[in-house]
Amino acid sequence: MGLEIERRFFVINDGWQPLVQRSEPLQQGYLSQGSSGFTVRVRCSAEEAWLTLKAPTADVVVRHEFELAMPHGEAKQLLSLAPCKLQKIRHHLHLAGGDWVVDVFEGENSPLIIAEVELTAADSNINIPDWCGEEISDRGDLSNAALALNPWGHRT
């Protein structure tokens, strides 16, 4: 069974920018979002597309994840059917201690910026960069699925 082990943080300054290796715009839509935390997502970059199923575990930084590559045209059709969507620019960083990315949200979720690090184990030690602020790994209201449904810009 596939697992995603991830910690997330608010980004508080632009110290991450010199670490960017590559950037890609992403569009994603949620075809299903269950109250139990189970989601079905379609994600498109400029050239690739994936269908992803996620389900929670007892540990907030660990989720079951199944990601399937799919034809770009079919993914775009699914994306058009998704009731909840978001756009972001994902910046892949050159930083030790895991696979770090910074997501700069666009549209109704702007100006939100979140850093994520994907780890090999839930108890992995990481050095949290000084451009990371509050850890939000346990904040379900800040998951991408939640932000697609209730955008950052709509909060008071």
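Biologist: In which strand is the place of Glu24?

Modeller: Glu24 belongs to strand β2, residues 20-33, a strand being a DSSP run of E with at least two residues, numbered from the N terminus. This is a predicted model, in which local features need pLDDT of at least 70 and side-chain atom pairs count only at pLDDT 80 or more. Residues are numbered from 1 along each chain, and side-chain values use heavy atoms.

Biologist: Why does Glu24 count as buried?

Modeller: Its relative accessibility is 15%, and buried means under 20% relative accessible area (1.4 Å probe, protein chains only); Glu24 therefore counts as buried.

Biologist: What makes a polar contact of Glu24 with His92?

Modeller: The two side chains meet at 2.8 Å. The term requires a pair of N or O atoms within 3.5 Å, where within protein one must be able to donate a hydrogen and the other to accept it, and residues adjacent in sequence count only if both atoms are side-chain atoms.

Biologist: Why is the pair of Phe9 and Trp100 called stacked?

Modeller: Of the 3 aromatic pairs, this one has 6.2 Å centre to centre and 25 degrees between the planes. Ring centres must lie within 6.5 Å, and planes under 30 degrees apart count as stacked, over 60 as edge-to-face and the rest as tilted, so the pair is stacked. Phe9 lies in strand β1 and Trp100 in strand β7, 91 residues apart.

Biologist: What makes the pair of Trp100 and Trp131 edge-to-face?

Modeller: The centres are 5.9 Å apart and the planes form 70 degrees, which is over 60. Both Trp100 and Trp131 are buried.

Technical notes:
Helix = DSSP H or I, 4+ residues; strand = E, 2+ residues; numbered from the N terminus. Buried < 20%, exposed > 50% of the residue type's maximum accessible area, 1.4 Å probe, protein only. Phe/Tyr/Trp six-rings, centres within 6.5 Å; stacked < 30°, edge-to-face > 60°.
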